[in-house]
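Please keep the sequence and the 3D view open while reading.

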Amino acid sequence: MSLSGKVAWVTGGGSGIGLAGATDLARAGCRVVISGREAPKLDAAIESAERLGAPRGAITTAPLDVADAAAVAVVARTIEAELGRVDILVNSAGINFPKRYWCETDAPTFDQVVAVNLNGATYCTLAVAKGMRARREGTVINVASFAGWHYEYMTGPAYTASKAALMALTHSFNIEECVNGLRATALCPGEVATPILKKRPVQPTEADKARMLQEADLGRTIRFIAEMPPHVCINELVISPVWNRTYVAGEALQRKAAP
């Protein structure tokens, strides 16, 4: 399917997977709006995307904390008023914290992770679904995680639970909205060399990062999903590096001792 003239809204678009997806969608002909909490970071993201081939002016910004449901609704209405609609929603906003394991985390930390990773994606989807339903066409791409598909130690309970729930959210959307011509994909990447790695309790080495998925790999994957013909739904897409540290015992899997 040609993406020329389509409108895409990408949350978490200031860096990492979100920015890579926005860049590839813009290169494919979309008008793209990127959201994130820091306006200066979004401006820098546009410059980065244009250096990588996004047409000048194809990407605009809408600063937003996706955990704020009222703010999400305002941004969605603004995009629809200015660009006419949202054809593609990429829910890429996501967080995690170094203090992530059962032996050290707490309720406020858990709440923050779920508020962004799960609730934020829900709010954004609710905000655009009505318009998609009226046009009987729309694509939602939820950036879940390998950790939500194959449970593991190093991501911690809040992140793992939020990403597993995001996968369930995706399937529930397809169960209900398939009859309205809408589709959603749970994109489940393994380790990707993005800025969120700085939140890890144990930082990966540069050699490890080089063997991970790269941002551009996920940008191409998001574009691939969006370009599928309207009658095609990719319910889940799991993608991982060949050298998968989830499968290879090492420092990343060392357990944190209880204090």
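A helix axis is here a line fitted to the C-alpha atoms over the stretch in contact, and the angle between two axes, taken between their N-to-C directions, can run from 0 to 180 degrees. The structure is a predicted model, and the values below were computed from it.

## Helix α4 against α6

Two packed helices are described by the angle between their axes and the distance between the axes. For helix α4 (residues 107-135) and helix α6 (residues 156-177), the angle is about 15 degrees and the axes lie 8 Å apart. Because angles under 35 degrees count as roughly parallel, α4 is roughly parallel to α6. The two helices cross in a right-handed sense.

On the α4 side, the contact is formed by F110, V113, V114, N117, L118, A121, T122, T125, A129 and R133. The α6 side contributes P157, A158, Y159, A161, S162, K163, A165, L166, L169, F173 and E177. Sorted by class, this contact between α4 and α6 holds 14 nonpolar, 4 polar and 3 charged residues.

## Helix α3 against α4

Helix α4 also packs with helix α3 (residues 69-83); here the axes come within 9 Å and cross at roughly 35 degrees. The crossing of α3 and α4 is right-handed. From α3, the residues that make the contact are A69, V72, A76 and E80, and from α4 they are Y123, C124, A127 and V128. The contact of α3 with α4 comprises 7 nonpolar residues and 1 charged residue, with no polar ones.

## Helix α1 against α8

Helix α1 (residues 16-27) and helix α8 (residues 215-226) have axes that come within 7 Å and cross at roughly 50 degrees, which makes α1 oblique to α8. The crossing of α1 with α8 is right-handed.

In this contact, G16, I17, A20, G21, D24, L25 and R27 of α1 meet E215, A216, L218, G219, R220, I222, R223 and A226 of α8. By class, the residues where α1 meets α8 divide into 7 nonpolar, 3 polar and 5 charged.

## Buried residues and their contacts

A45 belongs to helix α2 (residues 39-51), and with a relative accessibility of 2% it counts as buried. Apart from residues up to four places away in sequence, A45 touches G13, G14, L19 and I34.

Leaving out residues up to four places away in sequence, P204 touches L197, K209, M212 and R245. The C-alpha atoms of P204 and A193, which are 11 residues apart along the chain, are 9.3 Å from each other.

K6 lies in the segment before β1 (7-11). Although its side chain belongs to the charged class, K6 is buried, with a relative accessible area of 17%, a value that falls under the 20% cut-off. Beyond its neighbours within four places in sequence, K6 is in contact with G29, C30, R31, R85, D87, I88 and E137.

## Backbone at R136

Most residues other than glycine have a negative phi, and most peptide bonds are trans. R136, a residue other than glycine, has a positive phi near 60 degrees. R136 lies in the loop between α4 and β5 (138-143), where R136 is partly exposed, with a relative accessible area of 48%.

## Cysteines

A disulfide is a covalent bond between the sulfur atoms of two cysteines. How many disulfides does a search of the whole structure find? The search finds 0 disulfides. C178 is accordingly in no disulfide, and the nearest cysteine sulfur, that of C233, is 8.4 Å away, whereas a disulfide would need the two sulfur atoms within 2.5 Å.

As for accessibility, C178 is partly exposed, with a relative accessible area of 48%. C103 likewise counts as partly exposed, at 29% relative accessibility.

Technical notes. Residues numbered from 1 in each chain as written. Predicted model: local features only at pLDDT ≥ 70, side-chain atom pairs only at ≥ 80, totals over all residues. Heavy atoms only, no water. Buried < 20%, exposed > 50% of the residue type's maximum accessible area, 1.4 Å probe, protein only. Contact = heavy atoms within 4.5 Å. Helix = DSSP H or I, 4+ residues; strand = E, 2+ residues; numbered from the N terminus. Parallel < 35°, antiparallel > 145°, perpendicular 65-115°, else oblique. Left-handed = near helix turned anticlockwise from the far one by under 90°.
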